[in-house]
Every structure is written in C-alpha cells, then in structure tokens.
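Subject: Structure for you to look at

Hello,

Please find the structure below, followed by notes on what was found in it.

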Amino acid sequence: MAPLSVISLSLCFLLPLLSPAISTNSEGNALHALRRRLSDPTNVLQSWDPTLVNPCTWFHVTCDSNNHVIRLDLGNSNISGTLGPELAQLQHLQYLELYKNDISGEIPKELGNLKNLVGLDLYGNRFEGEIPKSFSGLKSLRFLRLNNNNLTGSIPRELTALSNLKVFDVSNNDLCGTTPVDGPFGMFSMPSYANNMRLNGPELKGLVPYNFGC
C-alpha cells in the first residue's frame, strides 16, 4: 500500500487535470457565468474558454500585469440576456462596457461592490427596475451612463456621495421624483435627464408635465 503522503501528492497533480473548473480563477468563473446568461448569435464570446487558467486571452477582456480583469468591452455586440451577481467577483474591474445591446432585467445591486470601477456604460439596452442605491459605494466612478433603458423609480440620493462623478446620463427612461442637486449633481444639466416625463428638477423646469410623483 502506498504511503498516505504519496497518495495525497498524486491527487494534487491529478485533480487539476480531472476538473477544468479547478484551473480557472474566480474572475474567469464570473465571466463564464455571464456568458451562460447571454445569448450570443454572432459568437463574439467564442474565445471565452472556461478551461484556461485565466481569462486574459479572451477577446473583449483586458487584464493588468497581474492577470486581473480590469476592462470588459462588449458594447454594441448584439448580445441579449441578463446580468447576474457574479460580476461582483471582478474586484479589479475599472470599465464595464455593455452599451447598445439587448440586455434586460434588473441591474444587479452587486455591481456596487466593484470599488475600482471608473466607467459604467449600460446605455441602450432594456434594463428595468430601479437604479441600485448600492452604486453609492463606487467611489472611483467617473462615468455613469444608464440612458435609453426602461428604468423606473427615483434617482437615489445616495449617489450624491460620488465626488468623482463627471458624466451622468439617465435620459430616455421612466424615472420620477426630483433630481438631486448636491455633490456632483450640481453640474449636470437638462440633457442628463431628458425624456423622463415624471422627473422634476431646476434644470427641467417648464420642460416636463406636472405629474412628478413616483
């Protein structure tokens, strides 16, 4: 009978070969979970091979020198489906570009855990539900574009804490209530909020109907 230590050592070498999932890191797992949620008729995600050690060789994925995913570029890629909480595992992500697709469902509140996020572009999809209050945790965020979706509810006042926010666009949704005026929101003008027929604010005075309730 082989000594126990020899058996254990053999298993250490064999397990990665027997189970491809073990060889992928958490970021690769998160992106593969995203792929399973999406319909991809033009095969833009064909290179997303879950058996690789990390996703840094996949198309539309950019990594830093430490093989951490820092950018996901899937704008205008003819994909549809939904997003899930797994994206929160991309802890080093700086840019999430999913604009001009046909993605639907609610925006996962877990995206608020992406502390390094600088740009979040989800415009031109079919997202519904409310803007997550958890976005207030995105302290590095500079660009937030959610325009041309089906979002409802009010603009969370918690977002006024985003001191680095330079671009904010929620036009062409169905938001309601009043626009924030504190923090960076003092510099956002009417185009940021246009065509939300139940939204009110100083920059929208006289441009929307009188029903401002949510």
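The torsion about the S-S bond of Cys56 and Cys63 is about -95°, so this disulfide (a pair of cysteine sulfur atoms within 2.5 Å) is left-handed. A disulfide is a covalent bond between the sulfur atoms of two cysteines. Between Cys56 and Cys63 the S to S distance is 2.2 Å. Cys56 is partly exposed, at a relative accessible area of 21%; the classes are buried for under 20%, exposed for over 50% and partly exposed in between, with a 1.4 Å probe and protein chains only.

Before going further, note that this is a predicted model, in which local features need pLDDT of at least 70 and side-chain atom pairs count only at pLDDT 80 or more, while totals for chains, interfaces and linings use all residues. Residues are numbered from 1 along each chain as its sequence is written, and side-chain values use heavy atoms, leaving out hydrogens and water.

How many disulfides does a search of the whole structure find? There are two. The other one joins Cys176 and Cys214, with the sulfur atoms 2.1 Å apart. Its torsion about the S-S bond is about 115°, so the disulfide of Cys176 and Cys214 is right-handed. Cys176 lies in strand S12 and Cys214 in the segment after S13, so the pair ties together parts that are 38 residues apart in sequence. Cys176 counts as buried at 2% relative accessibility, whereas Cys214 counts as exposed at 66%. With the bonded cysteines numbered in sequence order, the pairing is 1-2, 3-4.

Helices (H or I, at least four residues) and strands (E, at least two) are DSSP runs, numbered from the N terminus, and two strands pair if DSSP finds at least two bridges between them. Strand S12 covers residues 174-178 and pairs in the parallel sense with S10 (residues 150-153) over two bridges. In this pairing Gly153 stands opposite Leu175. S12 also runs parallel to S13 (residues 198-200), joined to that strand by three bridges. There, Thr178 stands opposite Asn200. The protein as a whole has three helices and 13 strands.

Now the interior. Of the 214 residues, 44% count as buried. A nonpolar core is a set of buried Ala, Val, Leu, Ile, Met, Phe, Trp, Tyr and Cys residues joined through side-chain atoms within 4.5 Å. The largest one has 46 residues, and those with the most contacts inside it are Trp48, Leu72, Phe135, Ile155 and Phe168. Helix H3 (26-37), strand S2 (61-63) and strand S3 (69-73) are the elements that give two or more residues to this core. H3 gives the most, with three residues. What is Leu72 in contact with, leaving aside its neighbours within four places in sequence? Taking contact as heavy atoms within 4.5 Å, its partners include Leu31, Leu34, Trp48 and Tyr95.

UniProt, in an unreviewed entry, places the feature "domain: Leucine-rich repeat-containing N-terminal plant-type" at residues 25-64. Over residues 25-64 the chain is 30% helix and 12% strand, with the end C-alpha atoms 15 Å apart. UniProt positions are given in the numbering used here, feature names are shortened, and annotations may be inferred rather than shown by experiment.

Last, the confidence. The pLDDT (the predictor's confidence in each residue, from 0 to 100) averages 88 over the protein, and 84% of the residues score at least 70. Over residues 4-24 the pLDDT is below 50, and this stretch has 14 contacts in the model beyond near neighbours in sequence.

Regards
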